[in-house]
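Visitor: I would like to learn how to read a structure like this one. Could you walk me through it?

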Amino acid sequence: MAATMKCIRIHSFGGPEVLQFDEVAMPQPGEDEVLVKVHAASVNPVDYKIRSGAFLKVDALPVTMGRDVWGTIEAFGSRAKGLRKGDGVFAMLGHGHGGCAQFIALKPNEHAAKPRNLDHIQAAAVPLAAMTAWQGLFDHGHLAQGQRVLIHGGAGGVGHFAVQFAKARGAFVATTVSGEDIGFARDLGADLAIDYRKQRFEEAVSDIDLVFDLVAGDTQERSFNVLRDGGAMISTLKEPDQERAKARNLRTAYYMAQPDAAQLAEIAKLIEGGKVRPAVDTVFRFAAAPEAQAKLEHEHVRGKIVLEIG
Ligand SMILES: NC(=O)c1ccc[n+]([C@@H]2O[C@H](COP(=O)([O-])OP(=O)(O)OC[C@H]3O[C@@H](n4cnc5c(N)ncnc54)[C@H](OP(=O)(O)O)[C@@H]3O)[C@@H](O)[C@H]2O)c1
């Protein structure tokens with residue numbers, strides 16, 4: 001009988017109750033792929049957005065949940081180079097497979113060596129959120145030393161990496177967070193942490209080179225008022241208003257983060273150098289995946305939520 005494994009899939013869209021524990025065939029690594037035993041996977045907003053039907057069409061079902069993992073190599077394809085059984089890797093996944101599973105086959109561009117100074121829970125917290133922050137600030141935002149950046153949502157999964165990356169690059173970092181996260185944001189390195197529930201950020205900052213928008217809506221609209229002419233507004237959620245941008249010569253982007261093994265390795269170096277650290281809010285057992293998604297969707301979370309799978 002062929003080997004099987006457990007994974008969490010959805011067969012229809014809806015609330016956390018549509019998450020299902022399925023027994024499926026073990027993945028087989030392709031020629032240049034590695035088969036990884038998954039120890040932990042993080043939970044991201046995209047998980048509950050996929051689950052609710054906001055992202056995919058019904059013909060994509062069933063879908064395995066989970067967009068990033070850390071695990072150890074079990075086996076590899078004939079052309080996978082430089083890796084040994086038992087090596088720890090962390091990965092952001094491209095489409096077509098999911099990390100809430102006991103095993104996963106990873107493509108070369110999806111994984112890098114796990115930072116040596118992180119435990120398995122912390123390592124799982126990094127890939128998708130950190131790569132999203134990196135790509136937003138640097139690939140799209142072109143943030144440079146000495147510039148002024150405003151990061152909306154600086155205490156969340158993506159935001160808490162963005163604050164640290166921007167600081168490590170030598171920027172002046174302002175961020176919006178809830179009042180209870182002001183101290184957390186300052187510990188991450190923010191020069192200015194604004195309680196978005198109590199104060200309008202326009203009263204606190206101006207002459208910003210880059211707005212990194214993780215919130216959209218009214219927050220994105222109001223952010224035009226704090227940008228200098230010729231600045232940039234980069235969003236993970238919505239294309240900024242093109243007319244307003246053109247009138248002020250602003251650069252804009254709405255982007256989807258992509259797997260990139262070289263970038264992940266660079267992030268691992270910053271973590272090993274002590275410049276960046278992941279913050280984990282709560283760890284859930286594999287069986288509690290529905291509760292984990294519900295917490296991220298409906299409650300206040302500081303940093304990341306991680307599912308322990310191994
Ligand atoms: N395009 C992409 O590739 C991509 C990749 C990753 C994420 N995303 C999207 O980017 C967003 C952020 O992701 P995430 O993982 O960081 O989510 P998250 O962990 O849920 O964090 C969101 C943060 O935003 C804060 N927030 C909510 N309303 C705010 C407001 N009006 N002003 C300032 N902060 C506010 C929340 O703080 P409180 O809890 O204190 O309200 C929370 O800390 C999500 O919508 C996600 O779907 C897109």
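Predicted model: local features only at pLDDT ≥ 70, side-chain atom pairs only at ≥ 80, totals over all residues.

Visitor: Which backbone atom lies 2.9 Å from an oxygen atom of the ligand?

Guide: That is a polar backbone atom of Val158. With Arg197 the side chain takes part: one of its N or O atoms is 3.0 Å from an oxygen of the ligand.

Visitor: And how much of the ligand does the protein bury?

Guide: The ligand taken alone exposes 930 Å², and the protein buries 82% of that.

Visitor: How many residues surround the ligand?

Guide: There are 23, and the closest are Lys49, Ser178, Tyr196, Tyr255 and Ala257.

Visitor: Now the chain itself. What domains is the chain divided into?

Guide: Domain 1 covers 4-126 + 278-308, and domain 2 covers 129-254. Their C-alpha centres are 28 Å apart.

Visitor: How do I read the size of the interface between them?

Guide: The size of an interface is often given as the accessible area lost when the parts come together. Here, about 950 Å² is buried between domain 1 and domain 2, with carbon and sulfur atoms giving 57% of it. On the domain 1 side, Val126, His300 and Arg302 lose the most area to domain 2, together 47% of what that side buries. Counting contacts, 13 residues of domain 1 meet 13 residues of domain 2.

Visitor: Which side chains meet in a salt bridge?

Guide: Asp181 and Arg302 do, at 2.5 Å from N to O. Across the interface of the two domains, the rule finds 1 salt bridge. There are also 8 residue pairs in polar contact between domain 1 and domain 2. The residues of domain 1 that touch domain 2 divide into 6 nonpolar, 3 polar and 4 charged.

Definitions and conventions
Residues numbered from 1 in each chain as written. Heavy atoms only, no water. Domains from an automatic or database assignment. Contact = heavy atoms within 4.5 Å. Buried area = accessible area lost by both parts, 1.4 Å probe. Salt bridge = Lys/Arg side-chain N within 4 Å of Asp/Glu carboxyl O. Polar contact = N/O pair within 3.5 Å; in protein donor to acceptor, adjacent residues only side chain to side chain. Nonpolar A, V, L, I, M, F, W, Y, C, P; charged D, E, K, R; others polar. Near = heavy atom within 4 Å. Areas by Shrake-Rupley, 256 points an atom, 1.4 Å probe, with all protein chains shown as cover.
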